[in-house]
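Notebook open, model loaded. I want to look at one chain by itself and then at one interface.

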Amino acid sequence: MNGRQRTYSIRISSGRQKLVSVDDFSLQEGKITFLFGESGIGKSLISKAVYGLLDPEELDVTVNGEDYRLFLRRNETRAIQQFGFFVFQEPSTHLNPLLRLEEQLREGSLAGAPSETSILSRLWDSSSYRGVTDLLRVYPKPDRPSGGEKQRVLLTMAFKKIALLKDTPSHARSALYVFDEPSGNLDNHFRDQFLSILCEYHRQFRFTAVVITHDYSMITSLHRHQKDMLSAIAFREVFRKHQRLAVRDFAPSVYTQWADSLQPAVMPRQLSAPIIEFESGARVFGKTLVISKDANGTSPCALSIAPGMIAALKAPSGTGKTTLVKMIMGMSATARFRMTFCGEVLTHQMPRFYWRKHLWGKMMTMVFQHADEALNPSAAVKDIFHGLAEPAIRELLSEWFPDNTDPGFWKKRVRYLSGGEKQRLNLLRSLSLQTDLLILDEPLNGLDFESMTRVLTMLRMNQRKAQAVLIISHNDDVFDRLVPAEQTYYLHAR
Amino acid sequence: MKKIVAQHIAGLAAVGTVFFLLSLLLPDPRLHENALSMDALAAQTHASAPLGGMVFRFLFVYVAVMVLTYYGAQTLALFRFVRTKQMTTELPSPIAAAGTFVAWTILSFLLFAPGYVIVYSLKSVVDTSSIVLMIVLGVVSNGVLVNYAGKFYALLMNESRKGYVQTAAVKNVHSSYCWNTPDGIRMRRMFRLQKRFPGHVLDHILHNARYQYRSTLKEQASFVITGLVIIEMALNIQGHLCYELLQSILFKNYDSVLGIMFVIFCAVKITDLAVDLWIWRADRHYANLEPDEAISRQ
Amino acid sequence: MKRFPGSDILWTVIWISGLAAVMAWDSAYLNAPAFAQVQEAFLHSMIAGVVTVVLALCFGWIAGVALYFFEQRRSGWAGVLRFKLDLIRSMPQILGLLTGYVLLTFFLDRGIIATQTGQLLWTSFVISIFLFIEVADVIIERIHHYAASDFVPAMLGCGIGEGRIVNVEILWRNCRAHLLNKAVSVFGMAIFLQCSVDFVVSVGLSTDVNLTNVPVTLGSLLAKIDSKQDVLAMGIVFTDPSYLPNLFVRHLQGVSTAFVIIFTLLCIARISEGIAKRYRL
């Protein structure tokens, strides 16, 4: 039942800047290819090139040695575009802010597709489905619908287009369905839901699809819930080899075995009083944030972390995890909260000035989720570590970027780095500050497998130096094993 | 909404106060050493009689120029945008490209020319006191049209690079920019007052660009006024509001200067208020605060 | 497009060579005193334009950054500053310039401003008051753009000072292209406004006050009686096209002044457009 293999050799450059060069990018027709690799390495660009989405005016592109304008006119490319779909990475910019969601779900060829109700009810649990019809009547705005909801709307569009295959099943293989970081804004429950719908349609139509992701925990999920599909799935990894990109098969067992081998971070010794105690019941945007140690939130307690401890904060996406850690950082303008930090009682009434003078970068620091936003794209690598000792940083850099032989790396501008490299720098900047409290928001986002292991090693080292760490991550494979259950806190919004 | 109105009224009051203080500060012309001749004073009192008519005429021209500029800038920018998009698929012959460049540059000379240059070169040919000429000059000269067409074009280009346009294309919403093909652009729709391209991605782009352009209207208002004032002053014809203004400045009749300026300022401020209310209303709509209210897309 | 030099560079070259061509033509066919005046006027206008740009950039930067810090500290001054900026924004520039002119005559009478340089500086100052808003808007918009993302909090969290983040990391490192683009368009606006106000005021003045002490600019040169005749002569071409060659020989002072003004405005607009295109602003 194996289909043809489509192989592409792609060159993309912008002016003198070479962006991507790959020789053996191949897709198995009728299969779902999961494409792993650190973010920003060029996975999206390759897929867009194949789908015919790049602008030949802006980029110099050749596919299989052919000028891109010619490639765009090929029947194969047209078929891909006519019957396929591309779910873009950033859901917030890919919805028209001046058009109601329901209209966006029904325009173009989607107008002829069967109703979206069944897909919606699965992507929004039946429990929370009631709100969907209201939601579809809104114009997409930055805060409502939330990132996860926007993502699910885009996924619904993709599934609607796939459902069109019912009338033209012969196009299933020639078309291409690309999902670029489909779970980037979804929590694990909805990620699994997405995977199950995808697999269901695939059993029906056997189409060609690519799922671009850096979320290795999808592997575990597929192994757990979609075992029968594994034969129709190819796991591939994009990596950099001598300034070029190459694609190799990725054995899922490498990841699953590593995840299984992780041990809980044990306390070095019984340590003194907690460094931070954040009281449950903080208020923001008219919601009360309840912290508890049980998943149901029945017995609220304070979030407290002792030196040398790693704690995790869990909640479905959109509950306010990031908002809560921003409160700890004194960066939430509208919140009302109370906490004890290093013996000092801090509330929302304390002036920002206090945090700036005593805490930021000295006693607490935070790694923000989006490395793209958190680092200055126009700064050089050395500027990121402004104020820190150069030799130590250089040593760390050579450790964290072992395959980087570029002597000019120290002076390279951040905008020319890949997303994974940015994320590593983002983490390094905060990890090397040696603050008493370190907050990590989705630290493994955008990292490849090896970088993930390095982050965990460094976390352990810092732990030995009595640093307290608070982690928000949806990668349960890693952090459920690393963080002891009594240090896992659940967040509920009421 | 009350806040917006209050802000604008406060602005008017503040400027009014400043003008009032200035009128107290600046010396009375009659006490001035270089007091103007009695003739000039007489001429002035004579001319200032139909002030109301002058103000009305000025405001009428202003409104007409604003509307025409809004329409013209959109049409011109849209045309240029579609041409740019067509150029990405079909490369024109070098001769045609060079021809367009030369023609566009010559036209630009007219569009960028300050009003007074055009006024003077036309003075011997046409009747420069006509109100139609005023309106045409107000739109075409001083770079008004070409500037705001440029801004609108930049907005269109910017929108066309956004993600939702790609998503729409992936949904097979029409995205060809050829003239008059089934999946392309109907040319006659380009010239309509209400420009709509249903089922085409340009409809999304245009709608978003127009939405963002509204705040530029305020800027456009004060620039249009600047242009009109310059043209009227340069025309140097008695009976125009700004001619009176210029004469009053030269004869140091400051009360009259400040009075006329305040009238003009009020016109801009009222436009600002109207634009702000319009933006406020549509923003509320698109921020999902008034879900049931239907707002026309224009 | 990408195979050609950027259109901003192209138009800079066109501008400079066009001006050089006019100067060469003038030096051959225009009488010496008039030629000297055209050169002087051009120089004055350009200097005033540059001074305006520098002042507008300074004022805009200060106002923009001050507004950010006031808002951060939730200071009441933020509202006051915003109100004032809005007020200047809704004031048509020409009215402001005329007010400035009224004050200038007042100062001249009192002897507060005596020199030509002083007059030029005053004009530039007044124009910059009404144009710095545009710079301030860009700066405010840029700072907000970065403050809305994780950019500012992430740096704050690492202990980097707020002043450094705003001035160095945001404005200097990331917004130079925006500011350059704005500076160019402010320069164009400054030339336009300065020529216009000089022209309209001089048209009236020619009957009244002697012009000896007023610095000659492109606008006031065009308003002189002989230039005005030259521009009027352009109208003759509409009825009698055979008169066209005369424009470039007999009416050179007015025609070349008008040409320099329009050509400069056109080129500057194109350069600004080119910059925006190059940096994807």
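**Chain B, then the A–C interface**

Started with chain B: 51% of its 298 residues count as buried. A reminder to myself that this is a predicted model.

Next I looked up the secondary structure of chain B and got eleven helices and zero strands.

Then I checked the contacts within chain B. Taking those between residues at least 6 apart in sequence, 78% join residues at least 24 apart.

Moved on to where chain A meets chain C. I find 32 residues of chain A in contact with 21 residues of chain C. The two chains bury about 2,200 Å² between them, and carbon and sulfur atoms carry 47% of that. On the chain A side, A:Arg352, A:Glu373 and A:Asn376 lose the most area to chain C, together 23% of what that side buries.

Looked for charge pairs next. There are four salt bridges between chain A and chain C. One of them joins C:Arg173 to A:Asp383, with the closest N and O atoms 3.4 Å apart. For polar contacts across this interface, I get twelve residue pairs, both residues at pLDDT 80 or more.

Last, I asked which elements of chain A give two or more residues to the side touching chain C: helix H12 (352-359), strand S18 (364-367), helix H13 (371-374) and helix H16 (419-431). S18(A) has the largest share, three residues. By type, I sorted that side of chain A into 14 nonpolar, eight polar and ten charged residues.

Methods: Residues numbered from 1 in each chain as written. Chains lettered and ligands numbered in written order. Predicted model: local features only at pLDDT ≥ 70, side-chain atom pairs only at ≥ 80, totals over all residues. Heavy atoms only, no water. Contact = heavy atoms within 4.5 Å. Buried area = accessible area lost by both parts, 1.4 Å probe. Salt bridge = Lys/Arg side-chain N within 4 Å of Asp/Glu carboxyl O. Polar contact = N/O pair within 3.5 Å; in protein donor to acceptor, adjacent residues only side chain to side chain. Helix = DSSP H or I, 4+ residues; strand = E, 2+ residues; numbered from the N terminus. Nonpolar A, V, L, I, M, F, W, Y, C, P; charged D, E, K, R; others polar. Buried < 20%, exposed > 50% of the residue type's maximum accessible area, 1.4 Å probe, protein only.
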